[in-house]
Amino acid sequence: IFYTAFTQFLGFPKYGDEYKMMGLSAYGEPRFADRVQQVVRTEKDQCRLNLDYFTHHSKGVDMTWDGGEPALGSIFSTRMAEQFGEPRAPRAEIRQRDMDLAASVQLVLEENYFALLNFVQKQTRASRVCLAGGVALNCVANGMIFDRTDFQDVYVQPAAHDAGTSIGAALYVQHQILNQPRSFVMRHVYYGPEYSDTEVLSEIQAAGCQFHKLTEAELIGRTVEQIAGGKIVGWFQGRMEFGPRALGNRCILADPRRKDMKDILNSRIKYREPFRPFCPSVLAESAGDYFETNYPSPFMVMAYKIKPAMRDVIPAVTHRDGTGRLQTVEKDVNPLYWKLIRRFGDVTGVPVLLNTSFNENEPIVNTPPQAINCFLRTRMDALAIGSFLLIKSENDRISQNRTAFAETGAA
C-alpha cells in the first residue's frame, strides 16, 4: 500500500505500475527520505502505515474491471500533497522532484524491508529465506539482500504478485489437507500453453507469410545471425511463462552490446518510458563474469551490480545505477534458450541477450496468431516461432497492410 500510493502520486495509476517508480528511482537523489520515513515504519515483525497519508482504511478502495483490466482508485490522501507538492498527472513531464521522490520512496522501502528481514533472521537464526508478495518483486531491494542481511540463500517465488496465490492454494491442499510430503521445487515457470509445428504452420499460412522451415541448429544459427547483426527478433517457443516475466519463451531479443538498442526498441516496438530498463538473460555459468553477485536469479527478480568493466560491454541492459535485472539461464531448465545464448556467446564473445516481453502496448502474446500479428504490425525484423523463421523484409507487403489495418482501429 505504501509503494502503490506513491506510485499513483507520481502519475503511474495503472494496476501494477509499481515497477515504473522502481525504474525511475535510479535517476533521482533521496532528498525527501526524511519526510517519506514519516509515512511508514517497521517495528519488529510489523510494518505500520501513518494513516494520515492514506484513504483505503476510511473510504475503502475503488476497483473496477471494465474491459477486463483491473483499475484501482486513488489510495493517498491530501496530506501527501501537503508534504510533497501536487501529484504528477499521468503522461505529464517527469521533473527532477519526481525522480528524487521515487528515489526516496525506494530507499525507505529498502530500510523497512531489511528491518523486517533482519528481525526475522535474528529470531530464527535461519540462513535461508523464501519471499512472496508484491514487494518481493522489487528486484532492486532483492539484489541487496546478501549485503544488507545475514541470509545466505534466497528464493523469491516467481509469481510473487497476486497470481501466485494459486500456487499457495494448491500447495496448501497438497500438504495440509492431503498430508502429502513436500517434494516439489519450482525451478521454472513454463506451465502455460504450447503449440505444435503443425498448428504454427497453419497460422503462418493463414496469414500469408513467407517462412523458412529449419532444424533446431539452423534456427539457432539464423536467429543469432539476426541478433548479432543488430536485428530485433521475436522468440516464440515452448510453453508460455507463468508470472510477470518473459523468461525465454515469449520474448523479444536483441543485442545487449549496442548502446543504442534501448532507444531502437522503444522507437520501433515497445514505446516505453525511457527510464525503464531492459533486462539481460545470461548463461548461469557466466553470470559471475558480468555481475558482482554470482547467485542464481532464474526468475528475473534480482538486480545485481554489473561489474564496472562490463558496463560498456553490455550497455543496452545496464541501468542508470549500474545494475541489471538479470535472468540466469540453466541448460537443464530451458535447453533451447540456453543453446541460443551459448551460440550468441560463441559468435560475439558475450553470452548475454537483451530480453524483453513479446508485446507492443498489450498483454504478452500467448498464441501463434498473436505472435504473428505483433511481428507483422511492428517494426520487428524477424520471428522465430516453433521451427520456423519469418523475415520482415520477405513479408513487407503483408506487414504494411497489417500496420495500416491496425492503425484504422479495425477489429
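This report describes cores, strands, a helix and selected residues of one structure. The model is a predicted one.

**The nonpolar cores**

In soluble globular proteins, nonpolar side chains tend to be buried together. The largest nonpolar core in this model has 63 residues. Within this core, the residues with the most contacts are Leu131, Phe358 and Ile385. Helix H15 gives the most to this core, contributing five residues. A second core is separate and has 33 residues, including Phe6, Phe9, Val39 and Leu101.

When residues up to four places away in sequence are not counted, Leu131 touches Tyr113, Leu117, Ala136, Asn142, Ile145, Val154, Tyr155, Val156 and Gln157.

**Helix H15**

Helix H15 covers residues 368-377 and is mostly covered, since seven of its ten residues are buried. Which residues of H15 are buried? They are Pro368, Ala371, Ile372, Cys374, Phe375, Leu376 and Arg377. An α-helix has 3.6 residues a turn, so residues three or four places apart point the same way.

Strand S14 comprises residues 382-385, and both of its faces are covered. Ala382 and Ala384 are buried on one side, while Leu383 and Ile385 are buried on the other. Ile385 is also among the residues with the most contacts inside the largest core.

S14 pairs with strand S8 (residues 233-236) through four bridges, and these two strands run parallel. Phe236 has Ile385 as its bridge partner in S14. S14 is also joined to strand S15 by four bridges, but here the strands run antiparallel. In this second pairing, Leu383 stands opposite Leu390 of S15.

S14 and S15 form a hairpin with two residues between the strands, and Gly386 there takes a positive phi near 60°. Ser387 lies in the loop between S14 and S15. Is Ser387 buried or exposed? Ser387 has a relative accessible area of 18%, and it therefore counts as buried, under the 20% limit. The side chain of Ser387 makes a polar contact of 2.6 Å with the side chain of Asp197. Apart from neighbours within four places in sequence, Ser387 is in contact with Asp197, His212, Lys213, Leu214 and Leu219.

Val333 is found in the loop between strand S12 (323-329) and helix H14 (335-348). Val333 is partly exposed, with a relative accessible area of 22%. Val333 and Tyr190 are 143 residues apart in sequence, yet their C-alpha atoms are 9.4 Å apart in space. Leaving aside neighbours within four places in sequence, Val333 is in contact with Arg187, His188 and Tyr190.

**Cysteines without disulfides**

A search of the whole structure finds zero disulfides.

A disulfide requires two cysteine sulfur atoms within 2.5 Å. Cys374 is one of the buried residues of H15.

Technical notes
Residues are numbered from 1 along each chain as its sequence is written. This is a predicted model: local features need pLDDT of at least 70, side-chain atom pairs count only at pLDDT 80 or more; totals for chains, interfaces and linings use all residues. Side-chain values use heavy atoms; hydrogens and water are left out. Buried means under 20% relative accessible area, exposed over 50%, partly exposed in between (1.4 Å probe, protein chains only). A polar contact is a pair of N or O atoms within 3.5 Å; within protein, one must be able to donate a hydrogen and the other to accept it, and residues adjacent in sequence count only if both atoms are side-chain atoms. Contact means heavy atoms within 4.5 Å. A nonpolar core is a set of buried Ala, Val, Leu, Ile, Met, Phe, Trp, Tyr and Cys residues joined through side-chain atoms within 4.5 Å. Two strands pair if DSSP finds at least two bridges between them.
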